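Please read them with the model open.

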Amino acid sequence: MSQKFIVSSTVSIIILLIVLFIFIGSGFDFDYLIPKRVTRVITIILASICLAVSSIIFQTIVGNRILVPSVMGYEAVYLLWQALLLFFLGTQGQALLSSGSNFSISMVLMLGYSWAIHAWLISRYKQDIIQLLLFGLVLTMVISTFTQYIQLSISPGEFSIFQGFSYTSFNRSKPDELFYGSMVVLATLCVGYKTLPVLDVMALGREQSISLGVDYHRYVKFFIALIAILVAVSTSLIGPTTFMGIFVANITYALAIRHQHKILLPLGCAISIIIFLIAQFFIEHVFNYRTSVNILVNLFCGTYFIIFIIRSRGK
């Protein structure tokens, strides 16, 4: 199977799914229904790009195909910040949740968390991937438990608002949020595009990268920052995705003929878009909103995650 065939097939599938998603059952309602669906499609595309790029780059840095940002607690930190806003500021916090300042502060917090886990965790336990995975899961659990404690202390109205941030959904994004998010993602991708050859070298390992002249520690900090920004955009738009990154990244590795990041990243974005479009299509047209994207994606990708760990340990 040639690379051109894979590219043309994925692009064709994406276009077909977008057309079906927008127009099936719409009655060609260009006043309300179709614009709403177009907004959801843009949200899916933007969030998919963030998810795929952040997951693949993170796995390149840590040198393992099991770890992704969500497993290491990135999304849990974001949700904790939203809960703290509601707890300390109440209705003012609700207003801040919808403003650009919340987005900026969230990115700063996640940048700090990224550098902290790199300095304290990844650099120490990179060779022991099971212990690193255990630490990541425990960190996520501790942060999530503290978030749940805060949820019990806020009012029912504030709790319902927070619940909206806790589940994957393509229906809550607003045009202004999509605009600002698109600008941030576009700037991040433009900055990171020039460093794709460096990522290819870093995939060889720390020692090999240094021996080939790469300023390894500086680039790790740089890519950690890019990951934090992309995860902040993705989580603010659609909520936590948990195991989706593992599934997308490993399917990408399986389909890519050459493991160069200029091929891996676009292919991963395409796969993520296809999965999210299919999931949302089933939610709207098959299950009639009786379930959520969060349930479908986590059930399918979580099962894959368990199988992948068992197969990895069996080798």
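1. How do α2 and α11 run relative to each other? This is a predicted model. In it, the axes of α2 (residues 33–62) and α11 (residues 216–238) cross at roughly 150 degrees. Angles over 145 degrees count as roughly antiparallel, so α2 and α11 are roughly antiparallel to each other. Their axes come within 9 Å. The crossing of α2 and α11 is left-handed.

2. Which residues make the contact between α2 and α11? From α2 come T43, L46, A47, C50, V53, S54, I57, F58 and I61. They meet Y216, V220, F223, I224, I227, L230, V231, V233, S234, L237 and I238 in α11. By class, this contact has 17 nonpolar and three polar residues. No charged residue takes part in the contact of α2 with α11.

3. A search of the whole structure finds one cavity of 30 Å³ or more. The largest cavity holds about 70 Å³ of space. Its lining has 14 residues. Closest to the centre are L51, S54, E75, V231 and T241.

4. Which helix gives the largest share of that lining? It is α2, with four residues. Both α2 and α11 supply at least two residues each. S54 and V231 belong to the contact between α2 and α11, and S54 and V231 are also among the residues closest to the cavity centre.

5. The classes in the cavity lining deserve a look beside those of the helix contact. The lining divides into five nonpolar, eight polar and one charged residue. The contact of α2 with α11 has 17 nonpolar, three polar and no charged residues.

Conventions: Residues numbered from 1 in each chain as written. Predicted model: local features only at pLDDT ≥ 70, side-chain atom pairs only at ≥ 80, totals over all residues. Heavy atoms only, no water. Axes fitted to C-alpha atoms, helices over the stretch in contact; angles between N-to-C directions. Parallel < 35°, antiparallel > 145°, perpendicular 65-115°, else oblique. Left-handed = near helix turned anticlockwise from the far one by under 90°. Contact = heavy atoms within 4.5 Å. Nonpolar A, V, L, I, M, F, W, Y, C, P; charged D, E, K, R; others polar. 1 Å grid on protein atoms, 1.4 Å probe; cavity = no way out; pocket = protein on both sides within 12 Å on 5 of 7 lines; lining within 4 Å. Points joined across faces, edges and corners; volume = space filled by probe spheres on them.
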